[in-house]
Amino acid sequence: ACPKCGPEIEFRVRGAECSVKGNQATEACINILRNGGIAAVKGLGGFHIACDAMNHQTVATLRERKRRSNKPFAVMAASVKVLRGFCEVTSDEQDLLESPKRPIVLLKKKHPDAVLNPLSDDVAPNNQFVGCMLPYTPLHSLLFSVGGKDHAEGARTLSVLVMTSGNLSEEPIVHRNDDAIKKLSGTVDAFLSH
């Protein structure tokens, strides 16, 4: 998008008066997610609540904050190759995942045993399937990149994120930036909006 008149990304930590914009916003969000934080990320239809799906403590914290005891969370992975690390993916499922619609596809876990599965068991407790999707906006794709000079040498990239609906129980998904700050501040640590 045009850097002068196109959309601008903004990152704000919950309760902070100031924010960062542009490339720094993306980098700040990646850092908070990598370090166990939970962020509200604006997509096309509204906000998702995101966290590192391989961080057991963070996923448990998200489950607690959303008061969602056992309903599965969907995940977004950087690629089908990443999904193959913990799920079985048929060629038909790959075609669906990579289609322009980018739907959530239920994939069978490769290793139902939590010891062998890199995903937190709290992503889909007591379930042999995981709802999986690939990035469907450029902003989502940026969350899986480590291109910035601020990253430490050998910094761990994010490869799979929980992406659950940005709403309170029984309420519609939040889609306005101001509403996200008001309604999701008790659930998330930071906001990535545009």
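Two strands are taken as paired if DSSP finds at least two bridges between them; strands (E, at least two residues) and helices (H or I, at least four) are DSSP runs, numbered from the N terminus. The model is predicted, so that local features need pLDDT of at least 70 and side-chain atom pairs count only at pLDDT 80 or more, whereas totals for chains, interfaces and linings use all residues. Residues are numbered from 1 along each chain as its sequence is written, and side-chain values use heavy atoms, with hydrogens and water left out.

In β7, the bridge partner of V75 is C132. Of the 5 residues of β7 (129-133), 4 are buried, that is, under 20% relative accessible area with a 1.4 Å probe and protein chains only.

These strands form part of an open, mixed sheet of 9 strands in the order β2-β1-β9-β3-β4-β8-β5-β7-β6. Because β2 (20-21) and β6 (105-108) each have a single partner strand, one side of each is left without a neighbour in the sheet. Strand β1 (residues 10-13) runs antiparallel to β2 and is joined to it by 2 bridges; F11 has V20 of β2 as its bridge partner.

Helix α2 (residues 56-65) lies across β4 (47-52) and β8 (160-165), contact meaning heavy atoms within 4.5 Å. The helix runs at about 145° to β4, the angle being taken from 0 to 180 degrees between N-to-C directions of axes fitted to C-alpha atoms, for helices over the stretch in contact.

Definitions and conventions. Buried means under 20% relative accessible area, exposed over 50%, partly exposed in between (1.4 Å probe, protein chains only).
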